[in-house]
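This report walks through one protein model for a reader who is meeting it for the first time. Please look over the sequence and the structure before reading on.

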Amino acid sequence: MKKIALIGCTGSIGRQVLDVVRSHREAFGISALVCGNDRAKLHALAEEFHPQIALCAADGHTMSESLFEDCDIAFIAAGGFAGLFYTLAAIGAGKKIALANKESLVVGGELVMAEAKRKGVEIVPVDSEHSALFQALGFRRDAPFERLVLTASGGPFLHHTKEQLARVTAAEALAHPTWKMGPKVTVDCATLLNKGYEIIEAHWLYGADFSRITAVIHPESIVHSLVYFQDGAAIAQLGYPDMRVPIQLALTYPDRLPCAPMLDLAQLQTLHFGRLPEEKFPCFGLALEAGKRGGNAPAVLNGAAEEAVRAFLAGDISFPRIAETIESALAHVPQAAAQTYADLAEADRRGRGAARKCIYGK
Ligand code: MG
């Protein structure tokens, strides 16, 4: 039996990890549960799964010496910059990581990959696109490829004009056409910031230069990503949009267990693809630019994005102001190296401060 330390157990991904555990009680157990602030839910989950450790980050119990001690896999499903802390702690404990937290690689890719290499820790991707790439590479990170192509649903506003985008509401942004996710990542899908993040993640996970990673619009979210090889062959992974598949595979690979319904292509009939409309969604380019710049830039970008999305969901700013806020923060915080967690936390703090100044004028 594989024992899992699950960080972010009450969020969208965390709940689906526990669904997978419920479906295969013989294969998986839970050694630790950590939630952000939902104590009641944590208590109920602890009663059901009997972990040795159950912590609520809001109580200040962000860390315990033994959090990762008894696990085989550290499943990092916490959202936002906070996830980086746990990813680094799991690497420090020398445990295999199933990584669903995007910010760990977006913000801390250089540090995380260097530390993982130093400690011999394996990082298995959970995001559907990166899991698809891993599968298309035959689970070989060193397989030679020409190009990585990430698919993007385009979110709920793909066909909106700039004038329409200026008037969209939080409720409209939260209605994703194909995936059910937490509020921050759902808004990031609507701005396409998320697709920029996923290109940065692919850059770190597969050691690919940014020039070899692209994104293509695919509204149905059936083809989850593709790898192109030098002979012109392209290998893709397909399936209905269901996060339990990449979640379960991260726990079992290279083996597979029953999980989701099989694709019915005759019933689907048609799949669509198209160019990503970068000019309408500036967050995509801003993320890529910060990823290429490196140093503190991705942490500044992400800190500003977390503040801007919070303000948008609160009704304080319009949808286009999310990108303007991020751009302003990147312009106001000087570029600097960021080699430690403390450097990244400082850049995160400065990005948030610059965003709040842009939004609220103080
Ligand atoms: Mg994704």
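How many residues of domain 1 are in contact with how many residues of domain 2? In this predicted model, 13 residues of domain 1 are in contact with 15 residues of domain 2. The division behind that count places residues 2–125 in domain 1, while domain 2 is made of 155–191 together with 277–360, and the centres of the two domains, taken over C-alpha atoms, are separated by 25 Å.

Between them, domain 1 and domain 2 bury about 1100 Å², of which 67% is on carbon and sulfur atoms. On the side of domain 1, the residues that lose the most area to domain 2 are Phe81, Val107 and Leu111, which together account for 49% of what that side buries. The count of salt bridges between the two domains is 0, and 1 residue pair is found in polar contact across the interface. Helices α1 (12–23), α3 (82–92) and α4 (103–119) each supply at least two residues of the domain 1 side that touches domain 2, and the largest share, 5 residues, comes from α4.

| Residue | Relative accessible area | State |
|---|---|---|
| Asp127 | 11% | buried |
| Glu198 | 1% | buried |

Definitions and conventions. Residues are numbered from 1 along each chain as its sequence is written. This is a predicted model: local features need pLDDT of at least 70, side-chain atom pairs count only at pLDDT 80 or more; totals for chains, interfaces and linings use all residues. Side-chain values use heavy atoms; hydrogens and water are left out. Buried means under 20% relative accessible area, exposed over 50%, partly exposed in between (1.4 Å probe, protein chains only). Domain bounds come from an automatic or database domain assignment. Contact means heavy atoms within 4.5 Å. Buried area is the accessible area (1.4 Å probe) that two parts lose on being put together, summed over both. A salt bridge is a side-chain nitrogen of Lys or Arg within 4 Å of a carboxyl oxygen of Asp or Glu. A polar contact is a pair of N or O atoms within 3.5 Å; within protein, one must be able to donate a hydrogen and the other to accept it, and residues adjacent in sequence count only if both atoms are side-chain atoms. Helices (H or I, at least four residues) and strands (E, at least two) are DSSP runs, numbered from the N terminus.
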